[in-house]
Amino acid sequence: PPANSYVVWIEPNGGKAMNQGILKIGDNEKGELKMTTTAPKFAVIVTAETQEKPQTPSKRVVMRTDVAE
């Protein structure tokens with residue numbers, strides 16, 4: 001099925017990915033989502049999803065970046 005939402009995940013180093021919410025894209029094709037974590041090292045992952053509140057990220061990864069203090 002086609003994806004209808006972009007979902008943002010935080011995945012702490014060695015931990016389970018946590019759903020942070022939907023990345024809403026405006027008419028200018030830009031999106032913004034603010035979130036916080038206490039993890040010193042983590043990945044931010046954006047996936048294309050068929051549901052708005054999935055429990056785990058799909059394999060349709062749109063973007064992934066690793067962040068460290």
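Select E11, R64 and D66 together: salt bridges link these three into a network. A salt bridge here is a side-chain nitrogen of Lys or Arg within 4 Å of a carboxyl oxygen of Asp or Glu. You're looking at a predicted model, so local features need pLDDT of at least 70 and side-chain atom pairs count only at pLDDT 80 or more, while totals for chains, interfaces and linings use all residues. Residues are numbered from 1 along each chain as its sequence is written, and side-chain values use heavy atoms, with hydrogens and water left out.

**Stop 1: the salt bridges**

Show the side chains of E11 and R64 and draw the N to O distance: 3.3 Å. E11 sits in strand β1 (residues 5-12) and R64 in strand β4 (residues 61-68), so this pair ties together parts that are 53 residues apart in sequence. Strands here are DSSP runs of E, at least two residues long, numbered from the N terminus.

A search of the whole structure finds 2 salt bridges.

**Stop 2: colour by accessibility**

**Stop 3**

Switch to cartoon. Which order do the strands of the open sheet follow? The 4 strands run β2-β1-β3-β4, with antiparallel pairing. Two strands count as paired if DSSP finds at least two bridges between them. At the edges are β2 (18-22) and β4, each pairing on one side only. From one strand to the next, the twist averages 20 degrees; the angles are taken between N-to-C directions of lines fitted to C-alpha atoms, on a scale from 0 to 180 degrees.

Zoom in on β1 and strand β3 (residues 41-49): 8 bridges join this antiparallel pair. Pick E11 again and you'll find its bridge partner in β3, A43.

**Stop 4: W9**

Stay on strand β1 and select W9. Is W9 buried or exposed? W9 is buried, with a relative accessible area of 0%. Next, show T47: a polar contact of 2.8 Å joins its side chain to that of W9. A polar contact is a pair of N or O atoms within 3.5 Å; within protein, one must be able to donate a hydrogen and the other to accept it, and residues adjacent in sequence count only if both atoms are side-chain atoms.

Methods. Buried means under 20% relative accessible area, exposed over 50%, partly exposed in between (1.4 Å probe, protein chains only).
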